[in-house]
Amino acid sequence: MIEAAGLDSKDGLAYDQAVREALGEKAEQEVSSCETLEALRQLEGALLGKRSRLAQLHQQLGSLDPSERKVLGRLLNERKARLKSLIDTRRAELDRADEQARLAAERMDLTEVIAGRRRGTLHLVSRTQSELEDTFVGMGFTVAEGPEVETDWNNFEALNIPPDHPARGMWDTFYLDVGKPESVLMRTHTSPVQVRLMQSHQPPIYSVMPGRCYRRDTPDARHLSIFHQIEGLVVDTGISFSDLAGTIEAFTTTYFGPSIHSRLRPAYFPFTEPSAEFEITCTICEGQGCRTCSQTGWIELGGCGMVDPEVFASVGIDSEIWTGFAFGFGIDRCAQMRQGIADLRILMENDIRFLEQA
Ligand code: DAH
């Protein structure tokens, strides 16, 4: 530290005093007690900027006696350099603290769930899906999956629904802005997984295919625009409609209990012929008739039928040798019926009171 010794003029002494006041210990303390980068930036401006006391002192140097000017100029520069380096150090400290705070805020808890200690529960839809899978696995089916983003060919064309077919109106589709217009979409049902399975596996096939589906529907108590289906496909020699009816009935009594049965009613789907809707005994009134089943005692669960030879043709399976049946129904609907849920939308709302119920 240069001491401005040997000053004898009044001006020189006053100048020396002013430098120590403006850029001395007080300023240094202000720097080290700055708590934010913004506060430091402002303080730096006030201490060393164009309109600071330092800038004034610089100007005043010129009016000092030349013999004193040299000493006081050095004093001023040294004070300035010292303050500048203190500010830089403080800025680095605050930068580091900011970075630490940011990292702490972004930290992800990747702790493994410790076996035996309960941390949350499976969502009702996930639980229903795995119970349905278990039921079918117990009946000799395997489980397969396919992607949620599908081609128009897998979702529609291979299933005997060419472009402009009026049956396309049965599925309000979300198309993706990828490739040719309307060539890529969010699958509207799990039926395209049948197509994938038949292309990649030789029959015999006994599989179920659960997964998420999407439709441009307005959600209400019985519909969601994002929902879950489970598809079934059997391809073998000598498969008949009675195998389909027997499989649906076996599933219904196993999954819903011995007092719930199934029945098939004629319907239309482009990918099956003949096609049917399957209904089960109303789980609310056990068939007595109530508001939920409109007094019929039955509730519709899904669609089914014998695989249309056109579908076999599009995946290269010889329909002279192989026959098969398929079915598809809503997983969310199953959960709704088994748990007596009045409004399906609760499944998607993430209300913690609903989620916490095991
Ligand atoms: N994919 C149909 C739907 O979403 C349901 C369905 C009907 C699936 C008949 C099938 C079937 O496999 O054979 O509405």
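Q: Which strand gives the most to the lining of the largest pocket, and what is the volume of that pocket?
A: Rolling a probe the size of a water molecule over the atoms shows where empty space is left. In this predicted model, strand 8 gives the most to the lining of the largest pocket, contributing six residues, and the volume of that pocket is about 670 Å³. Of the 32 lining residues, those closest to the pocket centre are Arg-215, Phe-227, Gln-229, Glu-300 and Gly-302.

Q: Which other elements supply at least two residues of that lining, and how many of the lining residues are nonpolar, polar and charged?
A: Besides strand 8 (298-307), at least two residues each come from helix 8 (191-200), strand 5 (226-236), strand 7 (272-281), strand 9 (323-330) and helix 11 (331-339). Sorted by class, the lining holds 12 nonpolar residues, 12 polar residues and eight charged residues.

Q: In what order do the strands of the open sheet lie, and what is their pairing?
A: Strands of a sheet pair through backbone hydrogen bonds, either parallel or antiparallel. Here seven strands form an open sheet in the order 1-4-5-9-8-7-6, with mixed pairing. Strand 1 (142-143) and strand 6 (262-269) are the edge strands, each of which pairs on one side only.

Q: How many bridges join strand 4 to strand 5, and how many join strand 5 to strand 9?
A: Strand 4 and strand 5 run antiparallel and are joined by 10 bridges, and Cys-213 stands opposite Phe-227 of strand 5. The pairing of strand 5 with strand 9 is also in the antiparallel sense, over eight bridges; within it, Val-234 stands opposite Phe-325 of strand 9, while the bridge partner of Val-235 in strand 9 is Gly-324. Strand 5 is mostly covered, with 10 of its 11 residues buried.

Q: Is Ala-326 buried or exposed, and which residues does Ala-326 touch?
A: In a regular strand the side chains alternate between the two faces of the sheet. Ala-326 belongs to strand 9, and Ala-326 counts as buried because its relative accessible area is 4%, where buried means under 20%. Leaving out residues up to four places away in sequence, Ala-326 touches Gln-194, Gly-232, Leu-233, Leu-244, Gly-303, Cys-304, Gly-305 and Val-307. Of these contacts, Leu-244 is 82 residues apart from Ala-326 in sequence, yet the C-alpha to C-alpha distance between the two is 7.8 Å.

Q: Which residues have the most contacts inside the largest nonpolar core, and which element gives the most to this core?
A: The largest nonpolar core has 40 residues, and those with the most contacts inside it are Leu-132, Phe-136, Phe-251, Phe-256, Leu-301, Phe-327 and Phe-329. Two or more residues each come from helix 6 (124-138), strand 4 (205-214), strand 5, helix 9 (241-256), strand 7, strand 8, strand 9 and helix 11, and helix 9 gives the most, with five residues. Apart from this core lies another, of 25 residues, among them Ala-144, Leu-159, Val-193 and Val-195.

Q: What is Leu-132 in contact with, once its neighbours within four places in sequence are left aside?
A: With those neighbours left aside, Leu-132 is in contact with Ile-230, Phe-251, Tyr-255, Phe-329, Ile-331 and Cys-334.

Q: Which residues does a cis peptide bond join near omega values of about 5 degrees and -5 degrees?
A: Most residues other than glycine have a negative phi, and most peptide bonds are trans. In this model a cis peptide bond joins Pro-203 and Pro-204, with omega about 5 degrees, and Pro-204 lies in the loop between helix 8 and strand 4. The peptide bond from Glu-273 to Pro-274 is also cis, with omega near -5 degrees, and Pro-274 is found in strand 7.

Q: Where is Asn-160 placed, and what is the phi of Glu-182?
A: Asn-160 sits in the loop between helix 7 (152-155) and strand 3 (184-186), and although Asn-160 is not a glycine, its phi is positive, at about 70 degrees. Asn-160 counts as partly exposed because its relative accessibility is 25%. Glu-182, a residue other than glycine, has a positive phi near 60 degrees, and Glu-182 has its place in the loop between helix 7 and strand 3.

Methods
Residues are numbered from 1 along each chain as its sequence is written. This is a predicted model: local features need pLDDT of at least 70, side-chain atom pairs count only at pLDDT 80 or more; totals for chains, interfaces and linings use all residues. Side-chain values use heavy atoms; hydrogens and water are left out. On a 1 Å grid over the protein atoms alone, a cavity is a set of points where a 1.4 Å probe fits but cannot get out, and a pocket is an open set with protein on both sides within 12 Å along at least five of seven lines; lining residues have an atom within 4 Å of a point. Grid points are joined across faces, edges and corners, and a volume is the space filled by probe spheres set on the points. Helices (H or I, at least four residues) and strands (E, at least two) are DSSP runs, numbered from the N terminus. Ala, Val, Leu, Ile, Met, Phe, Trp, Tyr, Cys and Pro count as nonpolar, Asp, Glu, Lys and Arg as charged, and the others, Gly among them, as polar. A nonpolar core is a set of buried Ala, Val, Leu, Ile, Met, Phe, Trp, Tyr and Cys residues joined through side-chain atoms within 4.5 Å. Buried means under 20% relative accessible area, exposed over 50%, partly exposed in between (1.4 Å probe, protein chains only). Contact means heavy atoms within 4.5 Å. Two strands pair if DSSP finds at least two bridges between them.
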